[in-house]
Amino acid sequence: MSVAFWLIAALTVAGALAAVLLKNLVHCALAVTAAFLGLALMFLELDAQFAGFAQILVYIGAVAILVVFAILLTRGSETPEKEIGVFSRTWLAGLIVAAAVFAVLGWAVLQSAAGLPHEAAVPAVSVQQIGQALMGQYVLPLEIVALLLTAATIGAVIVAMHEKGDAQ
Amino acid sequence: MTPLGGYLLVAALLFAIGLAGALTRRNAILVLIGIELMLNAANLNLIAFWRFSPHPEALTGMMFAIFSIAVAAAEAAVGLGLVISIYRHARTTDLDKMNRMKG
């Protein structure tokens, strides 16, 4: 395990923790952007350059901006009242469920650690190969994703559109 | 620990953090952020297994992750549109206050 991996892992986990723990929603959006950046760096570290740059473009370029817009449109940046806090009434049950899930996943990984493969040869994958795979073997999923994205864009616009007679 | 084990542990931790965020926060936008973190953790697993698989040139895990990123983007757009729509209707994004189905 290299030093770079631990640094990137620390950045990612710290960003994710800050995103779910901070009070101000704008700070949460910035923290989750740091977590997305850390994940993109991990993809690059795993020699998946195309997925890493797609992660940067889609998550940092689009999803983070969408989240910021949603926060602004819902006035979520106002700090909530002190007495109720940012966590729901059933936060303890949620925390227990999440801790249990992590315990099971971590136990499964550590149990199977001996059987996991060690160093593999660096895969030589060019963008040309990815493009040919997308246009050949994976052309049907690609078209379905294109349809899904179109439907999602139209659906998001219709759902968020002003209703007739709405005061605002 | 093998490199693959390290990546899998980080992904498990990210998934648990995202799940905790989705289950414990009051704000609907933060719940969506938690779901995005969980999807990203799954993507990290896919890419890690692809990298250490015996046949990475088959590109299977990488393609799965790329399509997963596209579907997650669609999910985020629709989810945030729904949050904005609910905010316009109920004047709040607090999930604890959204306790009735009647409009």
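## Contact between chains A and B

In this predicted model, the contact draws 70 residues from chain A and 64 residues from chain B. On the side of chain A that touches chain B, the elements giving two or more residues are helix 1 (3-21), helix 2 (25-45), helix 3 (49-73), helix 4 (91-111), helix 5 (127-135) and helix 6 (139-160). The residues of this side comprise 56 nonpolar, 11 polar and three charged.

## Packing of helix 3 of chain A with helix 2 of chain B

Helix 3 of chain A packs with helix 2 (residues 28-51) of chain B at an angle of about 175°, and their axes are 12 Å apart. Angles over 145 degrees count as roughly antiparallel; helix 3 of chain A and helix 2 of chain B are therefore roughly antiparallel to each other.

Helix 3 of chain A contributes Ala51(A), Val63(A), Val67(A), Ala70(A) and Ile71(A) to this contact, while helix 2 of chain B contributes Ile29(B), Ile33(B), Glu36(B) and Ile47(B). By class, the residues of this contact are eight nonpolar, no polar and one charged.

## Architecture of chain B

Chain B has three helices and zero strands, and its elements run α-α-α from the N terminus on. The radius of gyration of chain B is 17 Å, well over the 13 Å that the globule rule gives for 103 residues, so chain B is more spread out than a compact globule. Along the principal axes, the C-alpha atoms of chain B fill a box of roughly 55 × 25 × 15 Å.

Of the 103 residues of chain B, 62% count as buried. Among contacts in chain B between residues at least 6 apart in sequence, 49% link residues at least 24 apart.

Key
Residues numbered from 1 in each chain as written. Chains lettered and ligands numbered in written order. Predicted model: local features only at pLDDT ≥ 70, side-chain atom pairs only at ≥ 80, totals over all residues. Contact = placed C-beta atoms within 7 Å. Helix = DSSP H or I, 4+ residues; strand = E, 2+ residues; numbered from the N terminus. Nonpolar A, V, L, I, M, F, W, Y, C, P; charged D, E, K, R; others polar. Axes fitted to C-alpha atoms, helices over the stretch in contact; angles between N-to-C directions. Parallel < 35°, antiparallel > 145°, perpendicular 65-115°, else oblique. Rg over C-alpha atoms; globule rule 2.2 N^0.38 Å. Buried ≥ 20, exposed ≤ 12 C-beta atoms within 10 Å, placed from the backbone.
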